[in-house]
Amino acid sequence: MPKILLVEDNEMNRDMLSRRLQRKGYEVVLALDGQTGVEMTQNQGPDLVLMDMSLPVLDGWEATRRLKSEASTRHIPVIALTAHAMSSDREKALEAGCDDYDTKPVELPRLLAKIEALLSGGKKVSAHEPMS
Amino acid sequence: VTEPQVPTGESLRHGLPSDLIHDLRTPLNLIIGYSEMLMEQAQEQAREDFVPDLQKVLGAGKQLLALIQNSFHPNGPPRSLQISLRHSKKIQNRRNRSMSWRHFRNTNRQENQSPARHKVTC
């Protein structure tokens with residue numbers, strides 16, 4: 001069962017998305033801020049990280065930069081999740097090192113397709129590719 | 001002293017700070033997500049009687065999301081929405097003009113009825 005680390009500070013978003021992912025057969029572990037997200041990635045080695053970008057303590061961009069700058073966590077795919085829907089937000093997330101980007105409200109089939117693609121070694125999305 | 005955050009680029013072009021769009025989309029994420037999850041659960045547990053009402057909640061959430069997306073699209077709202085917004089503005093302007101005229105008429109009436117107006121001065 002693939003393990004997903006969900007880094008999300010909003011309690012209801014965390015509850016809703018973790019339950020939906022568990023129902024689809026994933027093991028979900030939770031972090032409430034970017035700093036804890038980085039530490040849990042280092043300690044627990046999830047298969048994938050779903051990273052909200054607007055986080056307390058350490059925001060999602062900086063947390064992703066730290067994960068991608070460390071040899072032990074660089075290979076773990078990170079999907080940025082944000083309720084900001086501007087194209088600049090997507091580019092900013094991908095430039096921070098995120099492997100893919102999705103907007104809230106989450107369309108579960110679309111997010112699951114991105115998760116599956118990355119878990120099976122799918123290609124990293126370029127910051128200049130058109131938004132899906 | 002912290003500098004106030006000035007909206008730039010896209011948020012300025014949309015005439016609204018991107019934080020507002022974020023704040024509108026966050027509760028919608030919950031409305032859409034929970035209603036989809038409850039619909040799945042209702043179908044699994046053979047509680048089909050819940051599904052039509054949940055579909056209404058989901059439909060309303062998606063309708064609101066489409067409105068937000070269309071209103072704050074980089075190219076501006078779609079033509080249908082622009083027409084509807086222009087129409088609302090016209091109605092509002094007409095109301096304002098009518099209210100101004102009524103205010104002028106009432107004020108004028110009060111002044112005419114005021115004894116001070118008929119006071120003869122030498």
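This is a predicted model: local features need pLDDT of at least 70, side-chain atom pairs count only at pLDDT 80 or more; totals for chains, interfaces and linings use all residues.
Residues are numbered from 1 along each chain as its sequence is written, chains are lettered from A in the order in which they are written, and side-chain values use heavy atoms, leaving out hydrogens and water.

So, the interface. We have 21 residues of chain B in contact with 20 of chain A, contact being heavy atoms within 4.5 Å. Together the two chains bury about 2000 Å², 53% of it on carbon and sulfur atoms; that's accessible area (1.4 Å probe) lost on putting the two parts together, summed over both. B:Arg25, B:Asn29 and B:Met37 supply 30% of the area that chain B buries here, more than any other three residues.

There are four salt bridges between the chains, meaning a Lys or Arg side-chain nitrogen within 4 Å of an Asp or Glu carboxyl oxygen. One pairs B:Glu36 with A:Arg20, at 3.0 Å, N to O.

Now the cores: sets of buried Ala, Val, Leu, Ile, Met, Phe, Trp, Tyr and Cys residues joined through side-chain atoms within 4.5 Å, where buried is under 20% relative accessible area (1.4 Å probe, protein chains only). The largest has 22 residues, and A:Val7, A:Met51 and A:Ala93 are among those with the most contacts inside it. Beyond its neighbours within four places in sequence, A:Ala93 touches A:Met53, A:Trp61, A:Ala80, A:Cys98 and A:Tyr101. Another core, apart from that one, has 16 residues, including A:Ile4 and A:Leu118.

Conventions:
Buried means under 20% relative accessible area, exposed over 50%, partly exposed in between (1.4 Å probe, protein chains only).
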